[in-house]
Amino acid sequence: YRVADLHTEIVRSAPGFRALPPVGSIRAAREALAAERVDLLLADQYLPDGCGVDLIRAVDADSLLITADRSPQTTRLALARGALSVVYKPFAAKDLTARLAQYARHRRILDGAADMDQDLLDKALRALAAPRSAETVENATLARLLEILRGSGEGLTASRLADAAGVSRPTAQRHLAAAAQAGSVRVELKYGSTGRPEHVYRV
């Protein structure tokens, strides 16, 4: 119940959303859904009298499944029964807030349309897609640079690493400088024919 109350507060604090009091069973959820029209259902997978995917299938509302079950079977079943997406526990409040904002964009696109066409539908579906955070992109870039370094078996310059990773030279240099400061890579100076030294990076 404490976790349900936390989720309720997150929904209440999201712009444009109003949360009904949380309920703890499928039976109570069905009673609440019968009493008031609901746009979006947040259903936990494990409830005392059944599974969230069964509730999702039985209601006429958009839904998100919230679960710690990361099995592909449960995910596929949730999507097949009508869930817009699955939110895996544990998650931060900002993650659920971001999902709600995506759903609001999705609904604005659908509700503002006089007639649907394929481009509009694709736009509405893209609105539900979770964007990669800036931190995730940064970590992925550094991981790619380190992977190339490990595979090369030799020291590489920032220019060569940037070309291999498909990123700009300044981006590669920024990540490599941070990795060197953290001790993940070693930096050496290499003097070329022009006399200007180049930084060579090794794992």
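Student: Where is the place of Pro-90?

Tutor: Pro-90 is found in the loop between strand 5 (85-88) and helix 5; helices (H or I, at least four residues) and strands (E, at least two) are DSSP runs numbered from the N terminus. This is a predicted model, in which local features need pLDDT of at least 70 and side-chain atom pairs count only at pLDDT 80 or more, while totals for chains, interfaces and linings use all residues. Residues are numbered from 1 along each chain as its sequence is written, and side-chain values use heavy atoms, leaving out hydrogens and water.

Student: What kind of peptide bond joins Lys-89 and Pro-90?

Tutor: The bond that joins Lys-89 and Pro-90 is cis, with omega at about -5 degrees. Most peptide bonds are trans.

Student: Why is helix 5 called roughly antiparallel to helix 6?

Tutor: Helix 5 (residues 93-111) and helix 6 (residues 118-127) pack at an angle of about 165 degrees, their axes 7 Å apart. Axes are lines fitted to C-alpha atoms, for helices over the stretch in contact, and angles between N-to-C directions run from 0 to 180 degrees. Angles under 35 degrees count as roughly parallel, over 145 as roughly antiparallel, 65 to 115 as roughly perpendicular and the rest as oblique. The angle therefore makes helix 5 roughly antiparallel to helix 6.

Student: Which residues make the contact of helix 5 with helix 6?

Tutor: Helix 5 contributes Gln-102, Arg-105, His-106, Ile-109 and Leu-110, and helix 6 contributes Leu-120, Lys-123, Ala-124, Leu-125 and Ala-127 (contact means heavy atoms within 4.5 Å). By class, the residues of this contact are 6 nonpolar, 2 polar and 2 charged (Ala, Val, Leu, Ile, Met, Phe, Trp, Tyr, Cys and Pro are nonpolar, Asp, Glu, Lys and Arg charged, and the others, Gly among them, polar).

Student: Why are helix 8 and helix 9 called roughly perpendicular?

Tutor: Helix 8 (residues 158-165) and helix 9 (residues 169-182) have axes that come within 8 Å and cross at roughly 110 degrees. This value falls in the roughly perpendicular range, and helix 8 and helix 9 are therefore described in that way. In the contact, Ala-158, Ser-159, Leu-161 and Ala-162 of helix 8 meet Arg-169, Ala-172, Gln-173 and Leu-176 of helix 9. There are 5 nonpolar, 2 polar and 1 charged residues in the contact of helix 8 with helix 9.

Student: How do you know that Phe-17 is buried?

Tutor: Buried means under 20% relative accessible area, exposed over 50%, and partly exposed in between (1.4 Å probe, protein chains only). Phe-17 has a relative accessible area of 19%, so Phe-17 is buried. Phe-17 lies in the loop between helix 1 and helix 2 (26-35). Neighbours within four places in sequence aside, Phe-17 is in contact with Val-11, Arg-12, Leu-40, Leu-100, Tyr-103 and Ala-104.

Student: What do Thr-67 and Val-200 show under that definition of buried?

Tutor: Thr-67, in strand 4, has 0% relative accessibility and therefore counts as buried. Not counting residues up to four places away in sequence, Thr-67 touches Gln-45, Tyr-46, Val-86, Val-87, Tyr-88 and Lys-89. Val-200, in strand 8 (residues 197-202), counts as buried at 7% relative accessibility. Beyond its neighbours within four places in sequence, Val-200 is in contact with residues including Gly-155, Leu-156 and Arg-186.

Student: Which residues have the most contacts inside the largest nonpolar core?

Tutor: The largest nonpolar core has 14 residues, and those with the most contacts inside it are Val-11, Phe-17, Leu-40, Val-87, Phe-91, Leu-96 and Leu-100. Such a core is a set of buried Ala, Val, Leu, Ile, Met, Phe, Trp, Tyr and Cys residues joined through side-chain atoms within 4.5 Å. Helix 1 (2-13), strand 4 (62-67) and helix 5 are the elements that give two or more residues to this core, and helix 5 gives the most, with 4 residues.
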